[in-house]
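Please look over this structure before reading on. My notes are numbered so that you can check them one by one.

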Amino acid sequence: MLRSLLASLLACTTIGVTRAGADVIVARNTRHLSFTASLSPDAVKPGGHLTLVVDVVPKKKMHVYAPGTTYRAIAVTLNANRSLKPSKMNYPKPSIYLFAPLKERVLVYTDPFKLTMNVAVGAVPAQTKQLRVSGTLSYQACDDRVCYLPESIPLEWTLPVRR
Amino acid sequence: MRVAARLACVILLFALALPSPAAAEKLRPFKLKSLEGPERTLSDVLGKATLVVFFFPTCAYCNAAFPKVQKLYDTYREQGLSMVWINVLPDEQKLIPEWRTKHGYTVPVLLGGRSTPNEYKVRMTPTHYLLDGRGEILSKQDGFNPGDEIRLEQEIQKALAP
């Protein structure tokens, strides 16, 4: 109980990598949202796959954009790695936000949501003991008065290779 | 004698506690490329009153504000209002010419660099600074909601008043 409470607290207030069960979690709290990004399983198996799950909690009055608008949609981009082949990001259904000043309907996320991505693992060189998975979470948030500058937050995991 | 010394101390402390007529804060000078090419400095653009707005073209609230702000420019330019919009996202620079034409904006646009947001502590847009003829900050307004242009216009009128 105490351990899970501490893990949640860590997830809400720090940047870093922690291990909880089988996942490897990156957690970050920004001015606009908090998120945890986890990779599972906690080891890389050549020919297997990884699942990336990003749980995002927008802060009060904040919205981030979903794909399908002219604005910058929230996205996770993994850096190129010969051993990894990421699939397209799966987005949940967004909500429609009426931006009154422009009488514009835009696709946004205002409530907690989850992004998922499958990553196929290909051949891993025999001498490689650990695989570094890195990328960025990028988004642009607005509240009910201002738009904040786009953010690009680095993500990084180091997973052992199990053959 | 001791009473007089104490009184002098009290007067001195009281005087120190009073707000001093400190110099108003000035906007940090800049030298930035204009959309047309040539570099412009803050001194180049200062008018009797100057509105400097930090923005980026896909900022929804900037797009809500700018038709009204352009109108203020059109109305008060002849009376000495100068205005520049400074883009804070270099990767959106390529969008600006079409965006400007599409909306019919004529306010000069300057191209900020990667360091511009930090240099001017811009965390959100639009951020408006109204300056006097010496570049001193008369007011700052973050964001935009319908109706804000009325307050902005009043501040401009006050700044332009003889």
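The points below cover confidence, the contact between the chains, and some local detail.

1. Confidence in the whole. This is a predicted model. The predictor gives the complex an ipTM of 0.79 and a pTM of 0.82. Chain B has an average pLDDT of 90. In chain B, 86% of the residues reach at least 70.

2. A stretch to treat with care. Over residues 15-21 of chain B, pLDDT stays under 50. Where pLDDT is low, the coordinates should not be read in detail.

3. The contact between the chains. On one side are 13 residues of chain A, in contact with 16 residues of chain B. The chain A side has 10 nonpolar residues, one polar residue and two charged residues.

4. Strand β13 of chain A covers residues 147-148. Strand β6 of chain B covers residues 124-125. Two bridges join these strands, which run antiparallel. Which residue of β6(B) is the bridge partner of Tyr148(A)? That partner is Met124(B).

5. The make-up of chain B. Chain B has six helices and eight strands. Along the sequence, the pattern is α-β-β-α-β-α-β-α-β-α-β-β-β-α. Of the 162 residues in chain B, 28% are buried. Take the contacts in chain B between residues at least 6 apart in sequence: 75% of them join residues at least 24 apart.

6. Helix α3 of chain B. This helix has 17 residues, 60-76. At 1.5 Å a residue it should span 24 Å, and its end C-alpha atoms are 25 Å apart, so the two values agree. There is a bend of about 35° at Phe66(B). A proline, Pro67(B), follows within four residues. Phe66(B) is also buried, and other buried residues of α3(B) include Ala60(B), Tyr61(B), Cys62(B), Val69(B), Tyr73(B) and Tyr76(B).

7. Ala141 of chain A. Ala141(A) lies in strand β12, residues 141-142 of chain A. Why does Ala141(A) count as buried? It has 26 C-beta neighbours inside 10 Å, and the cut-off for buried is 20 or more. Beyond its neighbours within four places in sequence, Ala141(A) is in contact with His32(A), Leu33(A), Met62(A), His63(A), Val64(A) and Tyr148(A). Tyr148(A) is the residue whose bridge partner in β6(B) is Met124(B). By contrast, Val26(A) is 115 residues from Ala141(A) in sequence and 20 Å from it in space, C-alpha to C-alpha.

Note on methods:
Residues are numbered from 1 along each chain as its sequence is written. Chains are lettered from A and ligands numbered from 1 in the order in which they are written. This is a predicted model: local features need pLDDT of at least 70, side-chain atom pairs count only at pLDDT 80 or more; totals for chains, interfaces and linings use all residues. pLDDT is the predictor's confidence in each residue, from 0 to 100. Two residues are in contact if their C-beta atoms, placed from the backbone, lie within 7 Å. Ala, Val, Leu, Ile, Met, Phe, Trp, Tyr, Cys and Pro count as nonpolar, Asp, Glu, Lys and Arg as charged, and the others, Gly among them, as polar. Two strands pair if DSSP finds at least two bridges between them. A residue is buried if 20 or more other C-beta atoms lie within 10 Å of its own, exposed if 12 or fewer, and partly exposed in between; C-beta atoms are placed from the backbone. The expected span of a helix is 1.5 Å times one less than its number of residues. The bend at a residue is the angle between axes fitted to the seven residues ending there and the seven starting there.
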